[in-house]
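Student: Hi! Could we go through the aromatic rings in this one together?
Tutor: Happy to, let's bring it up.

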Amino acid sequence: MRRTPHSSPHLRVMSVLGLLATLLLPLGMSLAPRATAAPAADPVRVMPLGDSITGSPGCWRAVLWNRLVDSGYTDVDFVGTLPPQGCGQAHDGDNEGHGGELVTNVADQNLLPGRLASTRPDIVVMHFGTNDVWSSISPDRILAAYTTLVAQMRASNPDMRILVAQLIPMNPSSCAACAQRVVDFNARIPGWARATGTDRSPVTVVDQWTGFSTATDTYDGVHPDASGDDKIAARWFPPLAAALDAVPPDPGGPGDPGGDPVACTARFRAVSTWQGGYQGEVTVTNTSASAVPGWTATVVPANGARLTQVWNGALTTAADGTATVTNAAWNGTLAPGASATFGFVASAPATAGTPAATVTCAGRAPAG
């Protein structure tokens, strides 16, 4: 997080240097000029956007921030017009998670453009709509609000990369119908994202619903507890890391290759199934106009399945089962329109049913 340094220590240093120069000059001596470091690149600005699940206190943001830092993503600035609310660990707590807010109201009242202008994000991480679902607002109307917000994000930054969550489950004691409403709404999000995403400004769906329990991962059937915070952060991390890798340098900056950022699509297919598992494959396609020197795919298997073996790629698995697969040494470079396929074996509960998985990907930007 960028902060303005206090001025008084610098003023004292400059005063001492000025006095020293005054004393030395009559003796024919001078102070050698200090080398000036090249200006650092601006950090990538990430806006966590949503309601109380994101902002009050939204401690999954603290878990996610520290996981990013521990993984080497130190040039990241979480941004928002709201300050942090504790969480018991150091983190960049700026956010745009307004408790009680409805995404339909944000769209109808044109609230987002001012917030974007104040913070200028490069990436938006959005878990938004829980209050709308609770209020029995139709999925069509909520998705129309999503579309409005995406248009406003792109007006702020044409290269905006947008991560949109399928909402965590909800089962409050005062809303018996809410659990199914979340399921029904989440089912509509992938189709909306496919229709809304572009090569320049991709929309990535992140499954926050699968594997999340209102009984063990919330304290009231709606808001995450510490276990829920860990699960939410684990689901955000792979696609956010991929988005950070794909954000191009500032226009005109050193090493800026020009053109649109690279983008790709991922498609899942079940090859064969058996009791307790299945074989699947994912095809990654470069959908940008630039060659991709490498790619990363995220696989979130449904119904409790877990990837146990991968070929034609390198596997990393999070505690909640989310799998990140990076290209092998020989299949990372993809020309525009070209594809690469990796296969895997997954274990699954006997009651898992038809194999399914949410898959996303990001292409690595060419080196400048």
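Tutor: One term before we start: a residue is buried when its relative accessible area is under 20%. Also keep in mind that this is a predicted model.

Student: Got it. How many aromatic pairs does the structure hold?
Tutor: There are eight aromatic pairs. One of them joins F268 and Y278, with 6.3 Å centre to centre and 80 degrees between the planes, which makes the pair edge-to-face.

Student: Which strands do F268 and Y278 lie in?
Tutor: F268 is in strand β7 (residues 264–274) and Y278 in strand β8 (residues 277–286), so the pair ties together parts 10 residues apart in sequence.

Student: And is F268 buried or exposed?
Tutor: F268 is buried, because its relative accessible area is 19% and the cut-off is under 20%. Y278 is buried too, at 3%.

Student: What about W295 and F342, why is that pair stacked?
Tutor: Their ring centres are 5.9 Å apart and the planes sit at 15 degrees. Planes under 30 degrees apart count as stacked, so this pair qualifies.

Student: Where do W295 and F342 lie?
Tutor: W295 belongs to strand β9 (residues 295–301) and F342 to strand β13 (residues 339–347), so here the pair links parts that are 47 residues apart in sequence.

Student: How accessible are W295 and F342?
Tutor: W295 has 1% relative accessibility, so it counts as buried. F342 is buried as well, with a relative accessible area of 0%.

Student: Switching topic: which residues form an aromatic cluster?
Tutor: Y146, F185 and W192 form one together.

Key
Residues are numbered from 1 along each chain as its sequence is written. This is a predicted model: local features need pLDDT of at least 70, side-chain atom pairs count only at pLDDT 80 or more; totals for chains, interfaces and linings use all residues. Side-chain values use heavy atoms; hydrogens and water are left out. Rings of Phe, Tyr and Trp (its six-membered ring) pair if their centres lie within 6.5 Å; planes under 30 degrees apart count as stacked, over 60 as edge-to-face and the rest as tilted. Helices (H or I, at least four residues) and strands (E, at least two) are DSSP runs, numbered from the N terminus. Buried means under 20% relative accessible area, exposed over 50%, partly exposed in between (1.4 Å probe, protein chains only).
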